Every structure is written in structure tokens, then in C-alpha cells.
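Here is a short tour of a protein model, written to be read with the structure open beside it.

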Amino acid sequence: MWIPKILVGLLSASSQVTMTSKPSYPKHQLFKLNDGNTIPSPAFGCGSALFGKEATDAVLLAIENGYLHIDNSRVYGNEKSVGVALSKTDVEREKLYITSKYDALDGASVEEEFNKTISELGVEYLDLYLIHFPRAADNGGGIAKVWKSFEQLKRDGRARSIGVSNYDHDQLKELLSLAEIKPAVNQIRYHAYNALANAPVLALSQKHGIITEAYSSLTPITKTPGGPADKVGETIAIELSKRYGQEVTVGQTILDWLRSTGVVAVTTSSKDYRLREQLAVFQDDFPLLTAEEAKSYELAGPGWAPKTK
């Protein structure tokens, strides 16, 4: 089977990803960023099912089950309720990792929107601040202007790490050409059916030490069941169950694919058992996928699209 050279490089390099563990984020896998900081995986996402909804109970449930990385955005419309959860939890601020994103809502500048975000979240700083979409930079006055403001937040210590979201290869390359401080993270929609299409941006990120963070990775089982990735996941789940000594679900194999290839996971759930199931993947005793197993996920999608009625 023909495998694009760029994907071969990514797969062979996956075992070289720097992964460390720190007591400040137990139950998470830590990845080293290019600015010297670390980012814990997985993150609990406050978008998708929580978009525009009151999120206090959901965030508290996630924290109670061990999630310490909370991923949010101004455009989700629930930062104030997330802030209520942060104020109610017994977990101290420095033991939480909080991400939010710039959306240039109503043409707000980076400084204006950042101040609203930390005010509603009830925090003094963010661990990670991202440009949510390229168009947010356009609406905020252009990528050069917006990124300069991001760099100032980083220098001031108000955002400990800075990055982007939904940037493709060319958009990320443009940013790198003008950045004094490289983005530390690029958060993208990433799953088995678009892995090959995203190989160029992952390769560019790897070259510059930029961590890829993935959302919607469970798409093959949540939104487009019935595709070739189903069988791949079932096969890997059987094998991992043998290695792990207990049942491994297909959903867990997908998250393990991300972990094994150096990609940070953003996921969510409103159910206790599902939150614990997802977090279990990131423990030291959970078996990693082999390079061959990871490759099988990434090669499952080309040429396939869900059937439409």
C-alpha cells in the first residue's frame, strides 16, 4: 500500500515526542511546548454540546472526575458559567490549566476580549490563549497586528502560552514568517477521515515544535458511523484489551491514537463513566498504539465519505 512520505515521517517521529509527567496535572499526559511550558492532555471542551449553554455543572463534573485542563472560547457564550465552576471547585487555580480563544466578537481588540475573558472566568491569567479562526485575526485588524498583541500578552505573563486554532498549512506558514514568538499550539479538527489531508500542517507544526491539539476526533463513531475506521477501531480495541487486561472501547482507541502520535485531545461528555473512561487512556498503564496501528487509523479515510440520504 502506498503511504505518502510526509505521513511516514510523522509516524516514525511519533515515538520521539517529548512526554513528561508532573504532579501538578495528575491523570494527564503532559507534552512539552516550544516555549518551555507543558500542556496536559486531555482537555475538557466547553464548546460542542455546551455551546451557548450554562456550563457550570458540566465543568464541575469534569473536574470532579479528574479533568484539570478546561478548554473554552469567548464565542461559546458560556465563559461566565465556566467561571462559576472555577470559583466553586476546591482545586486551586495553579493546579488547573485553562485555555480560551480570541474571536474578535463585535470587532473587539485582543486586549479588550482577553480582559472580558479573564474577568468572566474569574482568573488573572490564562495558561493558553489561541486565535480561534484565521477570520478572527482578519476581523481584529489582521494577523500581524493580532499576533503582536498575543506576543505582548505572553511577554506580560497574562497568557503563559499562545497559539492558534483551525490554521491550515499556508495560514500557519504565513504566521511563522512574521512571528517573533512562535505559536506553541495549533488546535484543529482532526480525525481518521481527515488525517491525511492534515498531514502537511502537522509536518510544519512538528518542524517548529508546535503541538497539534485535536477536537472532534471521535467523529467516526459519533457523527459518521459505518465507515472503514469502525473496523480499524474494533480490531485495535481487541488487541489493546489483551494488552491492558480489561475491555478497551473503540472510543478509547481513538484517544489513544492521538496520545500515541503526540496530539493533545480535546473531548467532552456529560456522563461520569464516560469522563472516567476517556481519562483512563492517558494513564501510564494504558498501552500505547504501535506505529502500525496508528497508521491503520490514518489510512482508513482516503476515498471514503459518509452516505447521504
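**The barrel**

Please keep in mind that this is a predicted model. Its sheet closes into a barrel of 8 strands, in the order 4-5-6-7-8-9-10-11, and the pairing is parallel. On average, neighbouring strands of this sheet are turned by 25° against each other, direction ignored. In general, the strands of a sheet pair through backbone hydrogen bonds, either parallel or antiparallel. For a look at one pairing, take strand 6 (residues 97-102) and strand 7 (residues 128-131): they run parallel and are joined by 4 bridges.

| Helix pair | Axes come within | Crossing angle |
|---|---|---|
| Helix 7 (residues 169-178) and helix 8 (residues 199-207) | 8 Å | roughly 25° |
| Helix 10 (residues 228-244) and helix 13 (residues 291-298) | 9 Å | roughly 160° |

Helix 10 passes helix 13 in a left-handed crossing. On the helix 10 side, the residues that meet helix 13 are A229, V232, G233, I236, E239 and R243, and their partners in helix 13 are E293, S296 and Y297. By class, this contact has 4 nonpolar, 2 polar and 3 charged residues.

For the other pair, the crossing is roughly 25°, and helix 7 and helix 8 are therefore roughly parallel to each other. Helix 7 brings H169, L172, K173 and L176 to the contact, while helix 8 brings P200, V201, L204 and S205. These residues divide into 5 nonpolar, 2 polar and 1 charged.

**The annotated domain**

An unreviewed UniProt entry places the feature "domain: NADP-dependent oxidoreductase" at residues 53-219. In the model, this span is 43% helix and 16% strand, and its end C-alpha atoms lie 22 Å apart.

**Two backbone details**

Where does the chain hold a cis peptide bond? One joins S41 and P42, with omega at about 10°. P42 is found in the loop between strand 3 (38-41) and strand 4 (43-45). A104 lies in the loop between strand 6 and helix 4 (110-121).

Key. Residues are numbered from 1 along each chain as its sequence is written. This is a predicted model: local features need pLDDT of at least 70, side-chain atom pairs count only at pLDDT 80 or more; totals for chains, interfaces and linings use all residues. Side-chain values use heavy atoms; hydrogens and water are left out. Two strands pair if DSSP finds at least two bridges between them. Helices (H or I, at least four residues) and strands (E, at least two) are DSSP runs, numbered from the N terminus. Axes are lines fitted to C-alpha atoms, for helices over the stretch in contact, and angles run from 0 to 180 degrees between N-to-C directions. A crossing is left-handed if the near helix is turned anticlockwise from the far one by less than a right angle, and right-handed if clockwise. Contact means heavy atoms within 4.5 Å. Ala, Val, Leu, Ile, Met, Phe, Trp, Tyr, Cys and Pro count as nonpolar, Asp, Glu, Lys and Arg as charged, and the others, Gly among them, as polar. UniProt positions are given in the numbering used here, feature names are shortened, and annotations may be inferred rather than shown by experiment. Angles under 35 degrees count as roughly parallel, over 145 as roughly antiparallel, 65 to 115 as roughly perpendicular and the rest as oblique.
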